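Work through the exercises below with the sequence and the model open. Each task is followed by a solution in steps.

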Amino acid sequence: MSFQIPRGTQDILPGEVEKWQYVEQLARDICRRYNYQEIRTPIFEHTELFLRGVGDSTDIVQKEMYTFEDRGGRSITLRPEGTAAVVRSFVENKMYGQPNQPVKLYYIGPMFRYERPQAGRFRQFVQFGVEALGSNDPAIDAEVIALAMNVYQSLGLKKLKLVINSLGDVESRKAHRQALIDHFQGRITELCEDCQARLEKNPMRILDCKKDRDHELMATAPSILDYLNEESRTYFAKVQTYLTKLGIRFEVDPRLVRGLDYYNHTAFEIMSEAEGFGAITTLCGGGRYNGLVQEIGGPETAGIGFALSIERLLAALQAEGILLPISARIDCYVVALGEKAKEEAVSLVHALRQAGITAEKDYQDRKVKAQLKAADRLQAQYVAILGDDELEKQIINVKNMKTGEQTEVPLASFVQYVKNALV
RNA sequence: GCGGCUAUGGCGAAGUGGUUAACGCACCAGAUUGUGGCUCUGGCAUGCGUGGGUUCGAUUCCCACUAGUCGCCCCA
């Protein structure tokens with residue numbers, strides 16, 4: 001009997017995991033600079049939270065959730081995204097009453113969606129996301145977008161495209177929705193089946209259709225931007241002003257729609273334009289969700305955030321040929337030969353480690369030559385060689401692997417010697 | 001959820017309806033009885049994703065399943 005990893009999941013092994021650590025560390029560091037604090041919520045929640053939060057007409061809820069009944073008869077769902085849970089926690093812990101507003105949070109963790117896997121799409125994937133709750137200042141929209149761009153740019157990604165749009169407020173959206181229905185209704189049969197279904201459910205999505213994108217009705221379709229009321233228009237203009245001030249280049253795409261129900265006003269997406277990146281180019285998606293806190297049972301509170309996938313970020317790095325500055329070097333490898341020396345080596349390695357030095361030794365009972373080879377493979381900077389001769393003289397031979405030079409060092413000052421040599 | 005392609009050692013990759021399944025990398029050992037990166041020599045899959053079927057015989061043909069991959073849908 002042998003086992004296979006579940007579909008759409010992956011093991012992140014040594015050699016690969018360092019990249020994750022690097023990226024996650026960078027994300028945390030950037031959040032610290034922007035004054036966002038980490039929040040950790042459970043990996044599963046009551047199903048109802050996502051029905052309300054994400055929206056029960058969305059694809060995520062309708063066909064992609066990992067939902068099950070627990071032993072107590074509760075309906076539980078593995079979180080498919082992060083925002084609903086953060087908002088739940090915000091409300092449950094009454095963070096709206098905190099002195100510091102807006103409340104600025106971030107999270108990094110696995111999300112689960114039952115989808116058909118392909119490049120850049122998994123059933124378990126890791127999202128890094130931020131949420132700013134409690135401010136209606138367009139400057140916070142710009143800040144959130146800037147934070148996301150900062151993450152990518154700090155890693156050296158160049159082939160990025162930021163697309164923004166405004167979905168308007170409830171009033172604007174309603175007007176636009178009606179205009180869309182009026183526009184398409186008469187000739188809806190000319191569009192694809194999916195679009196025909198969308199007309200009733202969510203006519204905005206028709207604009208996003210890839211099949212019908214060249215249909216003449218698309219070009220003449222009413223743009224959301226023409227239906228924004230005064231307030232929404234001003235808000236969107238402000239966001240753009242701030243982005244420009246921050247030196248962030250963007251494109252306005254009135255057809256950009258987000259897949260989750262809770263968005264309004266600012267919506268944005270960051271895409272990779274790297275060659276051969278495949279069908280899935282979206283690296284990051286986000287937007288404003290002013291009604292969500294109330295929907296989850298809290299007071300009327302503004303909110304904006306984004307989520308990005310670490311998997312896609314790493315794929316973008318690879319597509320652009322960017323190598324992360326990761327070093328897996330070992331400081332000192334202790335080679336021992338002979339029983340006495342082997343015993344001593346155990347203590348020496350221990351002493352090095354106590355001193356904060358990355359140290360390793362042989363556990364395969366290999367010969368000197370093979371131990372040296374192992375040290376070389378581990379990219380050890382120094383190798384300390386201990387045999388009977390050295391033991392007798394109470395010294396140890398320390399070899400610089402780069403230069404090949406070898407020095408006799410008194411055993412008593414060995415750790416100190418290595419420590420100094422490494423500086 | 002729909003359609004196409006793929007599945008051989010740790011990795012890459014050839015191959016055939018019939019005794020021993022190329023090769024490269026990696027790994028192990030030796031040449032060098034205490035010194036790595038180069039070189040040379042030798043070793044390393046009772047096994048060809050899993051389960052059935054066809055056949056005297058299948059890694060090779062057929063079916064199902066599983067997984068990956070590309071595209072659609074959707075999305076991070």
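Two strands count as paired if DSSP finds at least two bridges between them. Helices (H or I, at least four residues) and strands (E, at least two) are DSSP runs, numbered from the N terminus. The model is predicted: local features need pLDDT of at least 70, side-chain atom pairs count only at pLDDT 80 or more, and totals for chains, interfaces and linings use all residues. Residues are numbered from 1 along each chain as its sequence is written, chains are lettered from A and ligands numbered from 1 in the order in which they are written, and side-chain values use heavy atoms, with hydrogens and water left out.

**Exercise 1. Strand β11 and its neighbours**

Solution. 
- Step 1. Take the β6 side. Strand β6 (residues 124-133) runs antiparallel to β11, and seven bridges join them. V130 is the bridge partner of F306, and Q127 stands opposite S309.
- Step 2. Take the β10 side. Strand β10 (residues 282-288) is also antiparallel to β11, with five bridges. Here G285 faces A307.
- Step 3. Check burial. Buried means under 20% relative accessible area, exposed over 50%, and partly exposed in between (1.4 Å probe, protein chains only). Strand β11 (residues 303-309) is mostly covered, with seven of its seven residues buried.
- Step 4. Sort by direction. G303, G305, A307 and S309 point one way, I304, F306 and L308 the other way, and all are buried.

**Exercise 2. Salt bridges**

Task: How many salt bridges does the structure hold?

Solution. 
- Step 1. Apply the criterion: a side-chain nitrogen of Lys or Arg within 4 Å of a carboxyl oxygen of Asp or Glu. The structure holds 20 such bridges.
- Step 2. R33 pairs with D29 at 3.1 Å between the closest N and O atoms. Both lie in helix α1 (residues 17-33), four residues apart, about one turn of the helix. D29 is partly exposed at 24% relative accessibility.
- Step 3. E339 pairs with K342 at 4.0 Å. Both lie in helix α12 (residues 339-354), three residues apart, again about one turn of the helix. E339 is exposed at 58%, while K342 is partly exposed at 31%.
- Step 4. K393 and E408 meet at 3.7 Å, N to O. K393 lies in helix α14 (residues 388-393) and E408 in strand β16 (residues 406-410), so the pair ties together parts that are 15 residues apart in sequence. Both residues are exposed.
- Step 5. Look for a network. R28, E38 and R40 are linked in one.

**Exercise 3. Cysteines**

Solution. 
- Step 1. A disulfide is a pair of cysteine sulfur atoms within 2.5 Å. The structure holds zero disulfides.
- Step 2. The closest cysteine sulfur to that of C31 is in C284, 12 Å away, so it is too far for a bond.
- Step 3. C31 is buried, at 0% relative accessibility. C332 is buried too, with a relative accessible area of 0%.

**Exercise 4. Backbone geometry**

Task: Which residues does a cis peptide bond join? Where do H265 and Q394 lie?

Solution. 
- Step 1. Recall the background: most residues other than glycine have a negative phi, and most peptide bonds are trans.
- Step 2. The cis bond joins Q101 and P102, with omega about -5°. P102 is in the loop between α4 and β5.
- Step 3. H265 has a positive phi, near 50°. H265 lies in strand β9 (residues 264-272) and is buried at 7%.
- Step 4. Q394 has a positive phi as well, near 55°. Q394 lies in the loop between α14 and β15 (395-400) and is partly exposed at 47%.
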